[in-house]
Amino acid sequence: MILFSKNIIDKTVFQRVKPRTKIRMIQLLKQIAVALLYLVLSQAALKYSLSGFVALLWPASGLALAVCLKGGKRYSIGIFAGALATYIIDGKPLLVGIAIAAGNTAEALASCWLIARRKDFDPYLQKLHYYMRLVLMGMIGAGISALNGNIVLMLAGAIEKQSFLQSSLTWWMGDIIGIIMLTPLILLWWHPHLDLFKAEERLRLLEASLLLLATLAYAYILFNGAISQFSSLAASPFWIFLLVGWSSMRLGTRGTVVAVAVAGAMALAGVYSETAFGDGISPLWRLEQCWVFICTLSLLGMTVSSFVTQSRQSEKSLRQSERRFKGVFDNAHLSFYIQDPESGELLAANRHALESLGISSLQEMCRADFVWIEPDYGRGRYFEKLRKAAENSKSTRMEWKRRRRNGTSFWEDIFLTPIEYAGKKCILLAAYDISERKASEVELFDREEKFRLLFENSNDAIIWAEAEGGTIVKCNPAALRLFKHPESKLIGAKQIFLHPSENKDKYRSIFNNHVEKRRAEAVEAEIIDADGMITAVEISATIINIGGCKIVQGIFKDISDRKRAEEELRQRIAYGRASAKCLGILVEPGSLESQIHDLLGILLLVSKASRAYVFRNEDIPDLGVCMSQIDEIVANGISAHKDDPGLQRLPYSNTDPKLLPALVSRRFYACRIVDPENEMDPILVEQGIKSVLVLPVFASKTLWGFIGFDDCLSPRVWNDPDINLLQLVADGLGMGIERANIENDRLRIKEQLFISQKMESMGRLAGGVAHDFNNMLSVINGYSQMMKRLEILQVRSVLFSISPKFFKENYLGI
């Protein structure tokens, strides 16, 4: 109904509505539809209630659970609205209705969560345990609703305490019956999947209709007491079980739930009319019998339908598997045989097998079963291998020679696999023709002369050893040169004699592995010669047959040069990574001292030297150019000289005269104390140094100092690629030092700029203060001049008043 209403709404009402608004309105209408369905089912059930409160059947519980399982928990809103409307229409107070509606909603949600909390739940109930989970979890949810509803009714005074248990039981059974009858019906018929255009579907629909009509008719007659007067056997519910079981076997789970719903509805009608399950019994007892009847009927029907469905699926899978096996068996480009390991009877063979033997039928092959097994190998040995393969119960492999009808023989590589065929244990033989491979091997062995020439003139050492025991039986001249032993000492010795004694078990295992695999991949190993020198070799082994004896042919290729090249390459890579890491450290901000220390640690590790250090140059007037050690890192067991005062302000004139010119010209300096022309031997011997490497460090085109490496265990000849990578680090250190100097200059200039700006600000302040003070002095000076002139005028006035003549003669010009 929900799907139908959605299609109608999409075609009519919401054609011009925005998609988001359309979705919301459709969801709202779905909630309203769920609420209306719940209300209709509830009102119909309340007509058959006991004492007006508890119904014999509550189909709304089945609807609510089915909607939650198929549509999700969001439909709990519609369930709550429908339940609330039911109880308000029934005349319950608002609070009572809300409480009971909440309990009904909680029933559906709890049951849905308990059923679907495991993700493997199948809503189509194809297996019995899915249906049992639905019913049992529905019982738990129904218990929640029954307890909640009756507690609310008892608190509201609608029922007495004495009838609480009876009312709760009736409520619980009514909810369970609703779940049993309605929930599977909705889940299984949510999508009908009927194709009435097929004749098989029409016949199946007709059969289903007849079975359901028969179930309906008999249930109606049985539970209304119409046939009880004729025969107790005819009035027995046994026939209902038979009809439902028939529906289960013929119609599957969908027909079963419909038949159970029909029979259950008739039984409930009989309970309401008091004509079912006997006369003169209480309604509660009658309802309990009906509840047991419906539960038993549904369990029986679903058990039978699940069993039948699984049996049909198993048969279908088996038929498909048989068809696939037969298709592979008949059409494969390999020869397949099925044979009894006990009697040797050939039970089946595919077309390719018959064609390879040159016969036309299996019967012809069985009549001549001894012919197609090569007599040279024997029939007894062949069947013995078949029996061993059957006993091991694992796939085995063998090579066997067969004979065609025309008398020619051919080789086959055969895989023997134990299988079940025709109810007994047999062997499946999968074989393919390897005659060409065998012919190639024979041809290869026939070319003995060419092989001998290759054997004798090979640049690689070739050793032949017996597969059993490992005794050396032959070797070529290259082997004599590699092992430096005479032929008489190698021949007759064990192959383990060729390898170092401390790894005997390892090389014995490698030899056995070569024997088992017949042709093993090349492995790297070590051999020891007559002088005790160990050489790295690569061994390629092959099993050959010489005079009926299995021989392990080992080709020993000297790979010592390649190993050295690989080691040098690994060393280059390690130096390159260390150089990149050192340059990364120098690029990062930080103190130069800590960067130098970290740099020395990395270089000491990668160079495997005994000591790594950094010296800085100083120009001292009395001593000239001197060196001072600023940091040093040593390996374990090597004495440190970091705090040695003799390494501070050490003049270059006290060292090898070649050292300073080499560093100034941006060249490295390396020496060993074994060199007779080395003039630093006394200093090196004093510090236990065998060889030394010094790399110049330039900062701002000036020789800042150098990085040095000492070897105290054994003298070393440094490779140019290693020196170049280390020099790259030394150049990076020089750039780091130059950057640090630039940073220091920048900070110094910044500080001087700050001081000059401060002095400029102070000058401006002093100038402003002087200007203001000058203004004040000008005012004072002006007033002083005015006062002076005023005093003169006053004196003149007095003199004039005393003697005008005297005034005119002496002061008139002033």
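Here's a quick briefing on the fold, sheets, helices and cores of this chain.

This is a predicted model, where local features need pLDDT of at least 70, side-chain atom pairs count only at pLDDT 80 or more, and totals for chains, interfaces and linings use all residues. Residues are numbered from 1 along each chain as its sequence is written, and side-chain values use heavy atoms, with hydrogens and water left out. The protein chain has 24 helices and 18 strands; these are DSSP runs numbered from the N terminus, with helices being H or I of at least four residues and strands E of at least two.

**Whole chain**

- Of the 814 residues in the protein chain, 40% count as buried (under 20% relative accessible area, with exposed over 50% and partly exposed in between, using a 1.4 Å probe on protein chains only).
- Take the contacts (heavy atoms within 4.5 Å) in the protein chain between residues at least 6 apart in sequence: 56% of them join residues at least 24 apart.

- For angles, axes are lines fitted to C-alpha atoms, for helices over the stretch in contact, and values run from 0 to 180 degrees between N-to-C directions.
- Strand β8 (residues 461-466) runs antiparallel to β9 and is joined to it by three bridges; Ala465 has Ile472 in β9 as its bridge partner.

**Six-stranded sheet**

- Another open sheet, also antiparallel in its pairing, has six strands ordered β15-β14-β13-β18-β17-β16.
- At the edges sit β15 (650-651) and β16 (669-672), each pairing on one side only.
- Six bridges link β13 (residues 611-620) with β18 (residues 702-711) in the antiparallel sense, and Arg616 is bridged to Gly705 in β18.
- Helix α20 (residues 592-607) lies across β13, β14 (624-634) and β18, at about 65 degrees to β14.

**Helix pair α5 and α6**

- The axes of α5 (residues 94-116) and α6 (residues 128-155) come within 8 Å and cross at roughly 165 degrees.
- That makes the two helices roughly antiparallel (over 145 degrees; under 35 is roughly parallel, 65 to 115 roughly perpendicular and the rest oblique).

**Cores and a buried serine**

- The largest nonpolar core has 78 residues, with Phe223 and Ile240 having the most contacts inside it (a core is a set of buried Ala, Val, Leu, Ile, Met, Phe, Trp, Tyr and Cys residues joined through side-chain atoms within 4.5 Å).
- Helix α9 (residues 238-273) gives the most to this core, namely twelve residues.
- Setting aside neighbours within four places in sequence, Ile240 is in contact with Thr215, Tyr218, Ala219, Leu222, Ala263, Phe293 and Leu297.
- A second, separate core of 31 residues includes Leu600, Ala699, Ile707 and Val729.
- Ser298 sits in helix α10 (residues 283-331) and counts as buried because its relative accessibility is 3%.
- Not counting residues up to four places away in sequence, Ser298 touches Tyr131, Ile180 and Val260.

Key
Pairing = 2+ DSSP bridges.
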